[in-house]
Amino acid sequence: MISYLVRRILWIIPVLFTVSIITFILMHSVPGGPWDRDKRLPEGVQARLNAQYGLDQPIYVQYVNWAGQFVQGNLGPSYRYQDRTVNTIVADGIGTTVQLGVMAFILAVLVGIPLGIIAALGHNRSPDYLSTSVSIVGIATPSFVLAILLIVFFGVELRWFPTSGWKGPQYWVLPTIALAGFPIAQIARYTRASMLEVTRKDYIRTAQSKGLRDRAVVVRHMVRNALIPVVTILGPIFAFLVTGSFIIETIFAIPGVGRYYITAIGTRDYSLLMAMTMLYAFAVAFMNVVVDVLYAYIDPRIRYS
Amino acid sequence: MERSEGDVSAADLPSIIDLAPDEARRAQTESVTASGTKRNADKLLEVRGLKTQFFTADGVIQAVDDVSFDVGYGETLGLVGESGCGKSVTALSIARLVPDPPGRIVAGQIMFDGIDVLKLSNEAMRKLRGKEIGFIFQDPLTSLNPTLTIGYQITEGIREHMRLSTRAARDRVVELLAKVGIPRPADRLKDYPHQFSGGMRQRVMIAIALSCDPKLILADEPTTALDVTIQAQILELIQKLSDEFGTAVLMITHDLGIAAGMCDRVNVMYAGRIVETGTVDTMFESPQMPYAWGLLDSLPRIDDIRGAKLRTIEGLPPLLIAPPDACRFGPRCRYARDICREDEPELTARAGEGHLARCWATEPGGWIS
Amino acid sequence: MATSSTVLERRVAKPKQSAGLWSDAWGRLRKNRLAILGLVLVILLLTAGLLGPIIAPWNYQVQDLQAVFANGNRPVPPFSPGHLLGTDSLGRDLLSRLLDGARISVTVAFVVQIVILTIGVPIGALAGWFGGNLDNALMRFTDVIYAFPDLLFIILLSVAFRETAFGQALDGLFLVFVAIGLTSWVTVARLVRGQLLALKETEFVEAARAIGVSDRRIVTRHLLPNGLSPIIVAITLGIPSAILAESTLAFIGVGVQPPRASWGSLIADGEKYVRGDPHLVLFPAVAIALALIGFTFLGDGLRDALDPKLKGKQ
């Protein structure tokens with residue numbers, strides 16, 4: 001088990017390495033540079049700036065320089081916001097972004113799993129139809145659509161919640177729901193399917209033959225076994241939250257780190273872009289490891305083998 | 001046999017459940033003891049006219065079609081038949097474990113220890129299960145929860161039905177495991193099913209079935225999924241324990257050898273009906289039904305000529321949707337005559353004591369003697 | 001010898017013949033109401049996509065500025081004369097633009113799957129068939145792709161090549177296909193690899209050989225039908241994420257170029273008018289929803305229908 005854990009964690013390094021190379025190359029394939037603004041800078045000024053930031057070097061040299069700085073924790077200067085370093089930009093926003101992601105994750109799990117269980121237990125009756133309807137809405141509505149609808153309905157019409165900013169708990173509600181919509185639906189569907197499959201297993205019949213109460217059978221035997229496969233989709237769910245968060249941040253004007261992503265591409269802010277990509281890639285890779293390890297841990301067949 | 005004062009009905013149920021504390025106290029001081037000290041009826045199990053059907057998209061499958069038999073206290077009864085004849089469904093019906101939908105018990109009466117099982121509420125039935133009726137299933141790998149320790153899975157039933165302290169329950173589990181032949185039982189309490197071999201897992205199943213000292217054990221092909229060498233051990237174990245505790249056993253099997261070795265009496269089932277019943281001796285000495293002959297004949301014998309073909313019963317059992325009013329074995333029977341195709345025979349008496357068979361040919365006055 | 005009486009045979013039900021994997025599966029699919037709903041929606045979408053330019057009342061680019069002026073310089077509401085679903089702020093007929101969006105979605109959905117198959121199947125097949133070191137190397141490679149936050153990569157790719165000829169092809173659609181396809185092939189590759197690995201060793205290949213079935217027959221009659229099913233299901237269930245990705249790209253302005261009317265860009269355009277003219281957002285949203293629902297239900301239905309290990313379902 002331990003060796004498995006270690007191997008998986010170590011594996012993140014080459015993955016991130018490859019991600020960084022691919023991103024770097026792609027980034028520099030985009031024509032133009034960080035100095036293309038509304039007003040064109042004179043050639044000489046551009047050349048001097050390029051030299052100053054080392055942008056006139058061959059690409060592999062630039063990469064090595066960047067990598068060297070990166071592993072020391074220096075994310076580089078921001079090309080766009082010249083009075084700040086990427087480190088400070090990230091530091092400012094990362095807390096908010098993480099908070100949004102975590103809240104959406106918790107909401108998705110706390111709502112999705114019970115929905116799936118209820119649907120399975122009330123199979124082909126009203127709890128099933130209700131839960132399935134919610135799931136349908138969840139998978140049919142992209143997060144940006146859900147965000148707009150929530151803003152219009154709850155923010156503007158009903159005025160229950162604010163629709164931009166991040167200044168307090170009431171600001172957290174709409175963005176979290178918008179981000180969690182799709183994951184809730186996925187988790188609910190998957191949990192339901194898993195529960196239905198477990199219901200047909202022989203050991204459920206054994207549990208009933210012991211004369212156990214219904215609740216004991218459901219909780220101890222059905223839910224316990226049904227949740228194990230559900231863990232496997234938590235990795236992709238998390239990846240979804242990571243990549244979806246910056247859209248939500250943009251729509252709701254949340255001061256996280258995500259809203260910089262698209263603009264960074266547009267303005268060719270290389271170091272910011274690299275930092276953001278690495279951050280996201282790390283989060284996804286790390287969570288995949290966590291999920292894999294969790295799965296191996298909670299299934300006794302794998303833990304003790 | 002003693003009778004209790006007056007018949008026992010569902011309303012009297014509390015008095016039966018109250019056995020539990022008595023037994024529990026005894027269990028704490030003595031080792032696992034014999035059950036059945038209080039007998040509430042003549043026979044432990046009386047099944048009358050049981051009909052269990054499955055309602056499917058293709059039609060109504062009459063899996064158990066008017067089945068009647070008895071099991072005495074402490075008796076071992078065999079229920080023999082090929083796959084699909086309804087023997088497993090019979091056992092599930094007794095414990096009311098038939099999956100509903102698509103199955104349902106549509107008719108009949110099941111008296112267990114004087115209690116009308118089919119009239120019990122779900123809650124009352126639940127209390128019977130595990131406590132008075134134990135079940136051993138066929139495949140111990142899939143029948144045990146892979147994510148719970150075996151100690152827990154055995155303790156579950158005990159905690160539910162018997163008021164024992166945690167300590168006492170644990171001790172009882174260790175004792176049970178020892179009784180079923182699992183070495184170092186105390187150490188293995190926290191192991192998971194996948195850490196046991198197939199034979200060991202089945203022993204755990206037996207321990208679970210016996211855990212609350214039931215009066216009846218329903219054993220549904222307990223050795224079919226095991227190696228031949230292990231089979232003998234498991235069967236021996238079941239026999240030994242049932243003798244020791246006076247537990248009745250309904251042994252369901254397709255294997256005549258098992259029935260011959262373990263049972264006091266045998267019922268042969270075919271296509272949802274009982275076609276022959278009797279003591280083991282009479283059944284195997286003079287079976288009265290061509291199906292039984294075919295079954296016995298098909299067993300390879302040690303003095304068979306090598307290279308000769310295996311003897312089989314030609315044909316397949318009929319589908320149980322809309323069975324005809326004719327002998328169900330007729331199409332495969334070499335002795336069949338017109339009457340076999342027109343009218344279904346009843347279970348009628350034969351020479352031996354308690355020997356009944358369902359066959360026109362072997363009836364007194366029939367064409368086979 | 002036992003002789004069967006014809007009288008008896010007639011009264012005893014015959015076991016149902018299995019007519020082959022596909023017809024069995026179709027039978028099961030037909031009974032699944034949600035799957036049929038999905039199929040209907042998919043057919044609707046395909047029809048809209050294929051026949052769009054023919055049945056659209058207007059060209060999707062044409063601006064009916066007269067109608068807009070007549071409406072006080074605002075988008076025309078639905079059920080107005082000549083514009084069944086209304087127009088946007090530039091007077092472009094919404095129904096026609098929705099149909100163009102359908103065309104885009106259909107194209108994206110299917111072409112992306114083709115890209116996925118083109119990349120995923122060979123890689124999976126190579127890994128599965130040869131095994132060993134090649135398998136290891138390829139699987140490590142897929143791990144890297146899998147770890148990529150895909151949307152980010154797609155955006156990066158799209159923006160990186162937007163200005164190039166490659167990026168301009170088909171109004172930017174081509175770039176979108178490739179970008180989405182490049183991040184989504186891993187599942188199919190792993191599936192194909194798994195199928196090959198499993199089937200290589202199966203007993204039923206041995207059994208078929210033992211009976212004397214020719215190798216070619218083994219592949220066409222046994223391996224392919226069984227191996228194909230999970231791939232078909234994966235493809236169908238992968239379409240919703242492709243449509244979703246394309247809509248998201250269009251929404252943030254990175255995908256298909258205007259004036260093409262991807263549903264995502266319609267929503268982006270309509271966002272600022274959503275209070276006064278909600279139809280601009282609602283109709284495209286409904287269109288997306290129906291497309292996603294359709295393919296998801298169809299995919300679920302296919303999975304249930306093609307899975308021969310159906311237990312407890314009649």
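## Helices, a sheet and a chain contact

In α3(B), the residues K87(B), S88(B), V89(B), T90(B), A91(B), L92(B), S93(B) and I94(B) are buried. The model is predicted. R96(B) follows α3(B) and has a positive phi, near 50°.

Chain B also holds an open sheet. Its 8 strands run in the order β6-β7-β8-β3-β9-β10-β12-β11, with mixed pairing. β6 (133-136) and β11 (348-349) of chain B are the edge strands, and each pairs on one side only. Inside that order, how do β9 and β10 of chain B run? They run antiparallel, and 6 bridges join β9 (residues 265-270) to β10 (residues 273-279). One residue pair can be named: M269(B) has I274(B) in β10(B) as its bridge partner.

Chain C is built on helices. There are 14 of them and 0 strands. Read along the sequence, the pattern is α-α-α-α-α-α-α-α-α-α-α-α-α-α. Chain C has 314 residues, of which 44% count as buried. Take the contacts in chain C with a separation of 6 or more: residues 24 or more positions apart account for 72% of them.

The axes of α3 (residues 33-55) and α5 (residues 94-130) of chain C come within 8 Å and cross at roughly 110°. That crossing falls in the 65 to 115 degree range, and α3(C) and α5(C) are therefore roughly perpendicular to each other. From α3(C), the residues L45(C), L46(C), A48(C), G49(C) and G52(C) take part. They meet L99(C), D100(C), A102(C), R103(C), S105(C) and V106(C) in α5(C). The residues of this contact of α3(C) with α5(C) divide into 6 nonpolar, 3 polar and 2 charged.

Chain C also touches chain A. How many residues does each chain give to the contact? Chain C gives 32 residues and chain A gives 32 residues. On the side of chain C, the elements below give two or more residues each.

| Element of chain C | Residue range |
|---|---|
| α6(C) | residues 132-147 |
| α7(C) | residues 150-161 |
| α12(C) | residues 215-251 |
| α14(C) | residues 279-306 |

Which element gives the largest share of this side of chain C? That is α7(C), with 8 residues. By residue class, the side of chain C that touches chain A divides into 22 nonpolar, 4 polar and 6 charged.

Note on methods:
Residues numbered from 1 in each chain as written. Chains lettered and ligands numbered in written order. Predicted model: local features only at pLDDT ≥ 70, side-chain atom pairs only at ≥ 80, totals over all residues. Contact = placed C-beta atoms within 7 Å. Helix = DSSP H or I, 4+ residues; strand = E, 2+ residues; numbered from the N terminus. Nonpolar A, V, L, I, M, F, W, Y, C, P; charged D, E, K, R; others polar. Buried ≥ 20, exposed ≤ 12 C-beta atoms within 10 Å, placed from the backbone. Axes fitted to C-alpha atoms, helices over the stretch in contact; angles between N-to-C directions. Parallel < 35°, antiparallel > 145°, perpendicular 65-115°, else oblique. Pairing = 2+ DSSP bridges.
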